[in-house]
Amino acid sequence: MSVRELVVLGTASQVPTRHRNHNGYLLRWDGEGILFDPGEGTQRQMLRAGVAAHDLHRICVTHFHGDHSLGLAGVIQRINLDRVPHEISAHYPLSGQRFFDRLRYATAYRETVPLTEAPVAGDGNLAVTPSYTLEARRLSHPVESYGYRLTEPDGRRMLPDRLAAHGITGPDVGRIQREGRLGDVRLDDVSETRHGQRFAFVMDTRLCDGVHALAEGCDLLVIESTFLDEDIELAVDHGHLTAGQAAAVARDAGVRHLVLTHFSQRYSDPGEFERQARAAGFQGELTVAHDLQRVPLPRRR
């Protein structure tokens with residue numbers, strides 16, 4: 001049985017707090033694990049959340065501020081220490097290659113696992129697999145930053161009443177799926193499109209075209225909401241979003257489940273982020289993330 005869920009490893013911005021570790025998010029997508037923005041302490045948070053190095057297949061870094069990348073050194077070394085039996089791919093802004101190199105080789109260790117560096121140099125697809133397409137979009141932050149989006153290919157949903165009406169049963173169901181036609185009956189006559197699931201990860205950014213493109217039609221959107229709405233000037237100055245802005249993006253994009261994260265340490269009441277998100281008109285499922293939380297992707301539409 002496939003598992004698709006977000007494992008939240010850390011939710012702080014800039015500095016960790018007593019209750020929030022630096023950033024870190026693992027997306028389980030069927031048999032793959034994609035680690036986003038491993039900040040300092042991610043290796044320990046993985047242990048606490050029951051995530052092993054063997055679970056990782058890709059690492060995606062949005063940008064090279066420390067709270068989103070300082071955990072790379074430990075995670076990469078753990079991958080090699082545990083002799084992960086498959087190749088790992090790493091995506092990050094090409095402009096930060098020198099930072100990636102420093103973190104990858106921060107200290108001495110024995111490399112035992114192939115790690116493919118696949119830096120991001122602009123908007124577009126990064127990987128196409130049978131299960132998903134991974135793409136990147138440029139965001140607006142003081143340093144070059146990208147958001148990531150996974151899109152599952154559309155499939156077909158067979159309709160039992162229409163199959164029965166055409167007398168199609170048993171092996172013939174598989175045959176019409178494979179061949180697209182059975183006699184005079186077309187696949188479209190007995191099925192409908194099953195839209196693939198969509199996931200997006202949007203960290204440090206002001207409002208920009210990339211934010212809206214990444215969020216469009218998402219089943220699960222993970223998005224920063226560093227500031228509350230009353231501090232919108234700070235948000236703009238530092239290249240961040242407020243809770244209300246993030247929720248308005250999700251509202252306009254038709255997002256089904258919104259996950260707010262990356263909270264400034266200046267705020268002590270997480271409930272205020274939810275109140276401001278609802279005040280912005282977002283009516284879907286809403287999670288104000290906390291460390292070590294698991295968030296399943298919504299069921300297919």
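Modeller: H3 passes H4 in a right-handed crossing, meaning that the near helix is turned clockwise from the far one by less than a right angle. Helices here are DSSP runs of H or I with at least four residues, and strands are runs of E with at least two, numbered from the N terminus. This is a predicted model, where local features need pLDDT of at least 70, side-chain atom pairs count only at pLDDT 80 or more, and totals for chains, interfaces and linings use all residues. Residues are numbered from 1 along each chain as its sequence is written, and side-chain values use heavy atoms, leaving out hydrogens and water.

Colleague: Why are H3 and H4 called oblique to each other?

Modeller: Helix H3 (residues 72–81) and helix H4 (residues 97–104) pack at about 55°, with axes 8 Å apart. Axes are lines fitted to C-alpha atoms, for helices over the stretch in contact, and angles run from 0 to 180 degrees between N-to-C directions. Under 35 degrees is roughly parallel, over 145 roughly antiparallel, 65 to 115 roughly perpendicular, and the rest oblique. H3 and H4 are therefore oblique.

Colleague: Which residues make the contact of H3 and H4?

Modeller: Leu72, Ala73 and Ile76 of H3 meet Phe100, Leu103 and Arg104 of H4, where contact means heavy atoms within 4.5 Å.

Colleague: What makes S4 and S5 a pair?

Modeller: Two strands pair if DSSP finds at least two bridges between them. Three bridges join strand S4 (residues 58–60) to strand S5 (residues 88–91), so the pair qualifies. These strands run parallel, and Ile59 stands opposite Ala90 in S5.
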